[in-house]
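Here is a short briefing on the packing inside one protein chain.

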Amino acid sequence: MNKGIEITLPVIKKSMFTGKVIKRKYGEEKFLLDMSLASEARFEQKFPTEYKAYGDLQQYMERVNSYEDLTRAKVLSMLKCLYCWFDTRYSFIEFLQLFDFTDIDYISKLVEKLRLTFNIIRENASEKN
């Protein structure tokens with residue numbers, strides 16, 4: 001039963017080692033955005049430390065989306081947040097392995113998509129309140 005919105009993110013499709021260099025081929029994968037209470041349950045179960053610190057997924061999202069300088073830790077926090085909003089078959093580690101943290105251009109595109117997704121969530125959440 002498909003009750004969510006499809007969000008497309010850039011992901012690694014293939015990695016190859018050629019000589020001394022790792023080459024990656026990128027593609028896109030669709031994820032199902034789940035704005036039901038299941039997203040809150042995933043947040044509470046998967047990330048109890050963040051849940052205790054921020055109270056709910058919406059507040060955590062607002063915090064991680066406000067970061068201006070993007071370190072790996074901050075991008076990781078954004079992906080943690082998004083993982084909770086997605087109804088996916090991937091474990092969290094498998095989900096992280098879809099993304100490349102070695103390519104600056106790729107990271108910029110990924111963060112742009114993450115922020116766009118957060119904006120979609122924020123706009124729809126504010127319409128309901």
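Helices here are DSSP runs of H or I with at least four residues, numbered from the N terminus. The model is predicted. The largest nonpolar core has 34 residues, and the aromatic pairs number twelve.

- S39 is buried, because its relative accessible area is 1% and the cut-off for buried is under 20%.
- The S39 side chain reaches the backbone oxygen of S36 at a distance of 2.8 Å.
- Beyond residues up to four places away in sequence, S39 touches D34, L57, C84 and W85.

**The largest nonpolar core**

- Which residues have the most contacts inside this core? They are L9, C81, F86, F95, F99 and F118.
- Two strands give two or more residues each: strand 1 (5–18) and strand 2 (21–33).
- Helix 3 (57–65), helix 4 (72–85), helix 5 (92–96) and helix 6 (104–128) also give two or more.
- Helix 4 supplies the largest share, eight residues.
- In soluble globular proteins, nonpolar side chains tend to be buried together.

**The F31–F86 pair**

- A pair of aromatic rings is described by the distance of the centres and the angle of the planes.
- The ring centres of F31 and F86 are 5.0 Å apart, and their planes meet at 10°, so this pair is stacked.
- Stacked calls for planes under 30 degrees apart.
- F31 sits in strand 2 and F86 in strand 3 (residues 86–87), so the pair ties together parts 55 residues apart in sequence.
- F31 is buried, with a relative accessible area of 4%.
- F86 is buried too, at 0%.

**F95 and F99**

- F95 and F99 form an edge-to-face pair, with 5.1 Å from centre to centre and 75° between the planes.
- Both residues are buried.
- Leaving aside neighbours within four places in sequence, F95 is in contact with F31, L79, Y83, F86 and Y90.

**The aromatic cluster**

- Which residues form one aromatic cluster? The members are F31, F47, Y83, F86, Y90, F92, F95 and F99.
- F86, F95 and F99 from this cluster are also among the residues with the most contacts inside the largest nonpolar core.
- R89 lies over the face of Y90, at 4.4 Å from the ring centre.

Note on methods: Residues are numbered from 1 along each chain as its sequence is written. This is a predicted model: local features need pLDDT of at least 70, side-chain atom pairs count only at pLDDT 80 or more; totals for chains, interfaces and linings use all residues. Side-chain values use heavy atoms; hydrogens and water are left out. A nonpolar core is a set of buried Ala, Val, Leu, Ile, Met, Phe, Trp, Tyr and Cys residues joined through side-chain atoms within 4.5 Å. Buried means under 20% relative accessible area, exposed over 50%, partly exposed in between (1.4 Å probe, protein chains only). Contact means heavy atoms within 4.5 Å. A polar contact is a pair of N or O atoms within 3.5 Å; within protein, one must be able to donate a hydrogen and the other to accept it, and residues adjacent in sequence count only if both atoms are side-chain atoms. Rings of Phe, Tyr and Trp (its six-membered ring) pair if their centres lie within 6.5 Å; planes under 30 degrees apart count as stacked, over 60 as edge-to-face and the rest as tilted. A charge sits over a ring if NZ of Lys or CZ of Arg is within 6 Å of the ring centre and within 35 degrees of the ring normal.
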